[in-house]
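Look over the sequence and the model first. The report then goes through the chain part by part.

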Amino acid sequence: MASLTVRKLDEALKAQLRLRAARHGRSVEDEVRTILREATHEGAPQVRRQEHQRAPEIKSMPTLSSVASSTGFKVTLIIGGGIAAYKALDLIRRLKERDVHVRCVLTRGAQQFVTALSASALAHEHVYTDLFDPKSEFDAGHIRLARDCDMIVVAPATADLMAKMAHGHADDLATAILLASNRPVLLAPAMNPLMWNNPSTRRNLAQLKTDGILVIGPNAGEMAEANEAGIGRMAEPIEIANAAMEILRPAPVGPLVGKRILITAGPTHEPIDPVRYIANRSSGKQGFAIAASAAAAGANVTLVSGPVGLNDPPGVRVIRVEAARDMLRQVEDALPADIAIFAAAVADWRVAREGDQKIKKTSSGMPPLQLVENPDILATISKLKQKRPPLVIGFAAETEHLIDNAMSKLLRKGCDWIVANDVSPSGGVMGGDRNTVHLLMKGKSGGETKIESWPAMMKDDVASALVDRIAREISAAEST
Ligand SMILES: Cc1cc2nc3c(=O)[nH]c(=O)nc-3n(C[C@H](O)[C@H](O)[C@H](O)COP(=O)(O)O)c2cc1C
């Protein structure tokens, strides 16, 4: 069967694919598969069943040919012989969470600290340990391990491995792969502070950096050895995984590259006591869809979300909060931004005094529930003297007099645009997948407010249309 390399497609097609993939919360490769499946009228359940049936066969084949069914990026992870090797097992999980196919190589030293069995169980893949293994070397497997990947991560990178790399050794599988590779290499050194500061390690590090090797960490902190602390702890698996993703992900493309967008989404939960809260029916779907679309358009997106059951959109920094006051704090911390979109359904009120303990049901009647007003996030940010984003967009969820109420909100809050939507229960907008919106745009320097009424659409499509509208506005403003 013919193979298809997404990265070889032209930029415009890749941007469209990324947008679709982000909207559906899939990797680009999965999106391509879905499109192909749809085109050939194959049902998703059938395909899923086929993948499931194939899994045992893949596991039972310890040759390099078993890696052909990778979904996302491919990383060769070399685990060195240090105490931090146990953290490399967590790194495998962190990479896999990011849809990365991980192939592990354990040095002889590493096998003293972790087993190949643990690494292969986590990676769902055969683990390689031996340069002279006839099973994997029948076709010069070390060369394939070096090249049939998008990058190599060495974690932990021991002083010994760094020395060998700096001097071009290739007397075991790990060093042979590193010498034979033309892929980016990321080292996560981990060693005792004295080893790290030793002049020979410093020389080797300098040489490796000159050779274009990328390095993350080590961090400062306590060592495994009793009473020892200093610089030498391996960077945390999540830091290494994020650094790897930055190297793997192609530079963003799209009309919002270089723009910082701050978005809020979801409801807020206002505590009454430790177990009860005031909430609303917002699902967060519209705000999450906008965040995904903005990220797919190349923006640097921060999403501050109330409690919702949605996964983080790809490529978006997500900050989860509970109450309105936490949301405001996180929004203020996330400034400056070029554009702020406040799609969250922030509770207008909270209880004046939150109970420290669960309020008991007593015979003396119902407890009084006095409410006080919550901070108005949209108005607060719209009226900032410094750090006000140049474009502030609010949402108006109304159940009657939609346009009139949205128009007065636009003037009252001091924002630039309002996206008005009718959230009457009969429309099924709250929690549903469709939305019908009107976009109110305040005229420049006292000019007339423009109103665009969009047809009923999926929330994903409302998000794309809004992001497209923002991109046009920015491009018009920048060209004047
Ligand atoms: C208990 C123990 C812990 C070790 N921890 C480290 C370490 O954290 N970093 C390091 O560079 N070497 C450490 N070493 C030394 C390496 O294991 C040794 O240099 C080994 O040859 C490294 O092999 P490799 O880098 O090829 O896996 C440790 C050795 C022992 C016995």
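## Basis and overall make-up

This is a predicted model, in which local features need pLDDT of at least 70, side-chain atom pairs count only at pLDDT 80 or more, and totals for chains, interfaces and linings use all residues. Residues are numbered from 1 along each chain as its sequence is written.

The chain has 17 helices and 21 strands. Helices (H or I, at least four residues) and strands (E, at least two) are DSSP runs, numbered from the N terminus. Of the 480 residues in the chain, 37% are buried. A residue is buried if 20 or more other C-beta atoms lie within 10 Å of its own, exposed if 12 or fewer, and partly exposed in between, with C-beta atoms placed from the backbone. Among contacts between residues at least 6 apart in sequence, 70% join residues at least 24 apart. Two residues are in contact if their C-beta atoms, placed from the backbone, lie within 7 Å.

## The five-stranded sheet

Five strands make an open sheet with parallel pairing, in the order β2-β1-β3-β4-β5. Two strands pair if DSSP finds at least two bridges between them. At the edges stand β2 (101–106) and β5 (214–215), each with a single partner strand, so one side of each has no neighbour in the sheet. Helix α5 (residues 116–123) lies across β1 (74–79) and β2, and runs at about 175° to β2. Axes are lines fitted to C-alpha atoms, for helices over the stretch in contact, and angles run from 0 to 180 degrees between N-to-C directions.

Strand β4 (residues 185–189) is joined to β5 by two bridges, with Leu-187 opposite Val-215 in β5. β3 and β4 also run parallel, joined by four bridges, and here Val-153 stands opposite Leu-186 in β4. Five of the five residues of β4 are buried. In a regular strand the side chains alternate between the two faces of the sheet. In β4, Val-185, Leu-187 and Pro-189 point one way, and Leu-186 and Ala-188 the other way.

Helix α9 (residues 173–180) has Leu-173, Ala-174, Thr-175, Ile-177 and Leu-178 buried. The buried residues of α9 pack against β1, β2, α7 (141–147), β3 (151–157), α8 and β4.

## The eight-stranded sheet

Another open sheet has eight strands in the order β12-β11-β8-β13-β16-β17-β19-β20, with mixed pairing. Its edges are β12 (316–320) and β20 (450–453), each with a single partner strand, so one side of each is left without a neighbour in the sheet. From one strand to the next, the twist averages 15°.

Strand β8 (residues 260–265) and strand β11 (residues 300–305) pair in the parallel sense over six bridges, and Leu-262 stands opposite Thr-302 in β11. Helix α13 lies across β8, β11, β12 and β13 (339–342), at about 165° to β8. Helix α16 (residues 402–413) also packs on the sheet, touching β16 (391–398), β17 (417–422), β19 (437–441) and β20, and its direction makes about 145° with that of β16.

## Nonpolar cores

The largest nonpolar core has 60 residues, of which Ile-263, Ile-290, Ala-291 and Ala-294 touch the most other members. A nonpolar core is a set of buried Ala, Val, Leu, Ile, Met, Phe, Trp, Tyr and Cys residues joined through C-beta atoms within 7 Å. Helix α13 (residues 285–296) supplies the largest share of this core, eight residues.

Apart from its neighbours within four places in sequence, Ala-291 is in contact with Ile-263, Val-301, Leu-303, Pro-313 and Val-316. A second, separate core has 53 residues, including Val-153, Ala-174, Met-191 and Leu-208.

## Around the ligand

How many residues surround the ligand? There are 15, and the closest are Gly-81, Gly-82, Thr-107, Gly-109 and Thr-158. A residue is near a molecule or strand if its C-beta atom, placed from the backbone, lies within 6 Å of it. Helix α8 (residues 159–166) gives the most to this shell, three residues.

By class, the shell has eight nonpolar, six polar and one charged residues. Ala, Val, Leu, Ile, Met, Phe, Trp, Tyr, Cys and Pro count as nonpolar, Asp, Glu, Lys and Arg as charged, and the others, Gly among them, as polar.

## A loop residue

Gly-432 lies in the loop between β17 and β18 (434–435). Gly-432 counts as partly exposed because it has 14 C-beta neighbours inside 10 Å. Gly-432 and Lys-285 are 147 residues apart along the chain, and their C-alpha atoms are separated by 8.1 Å.
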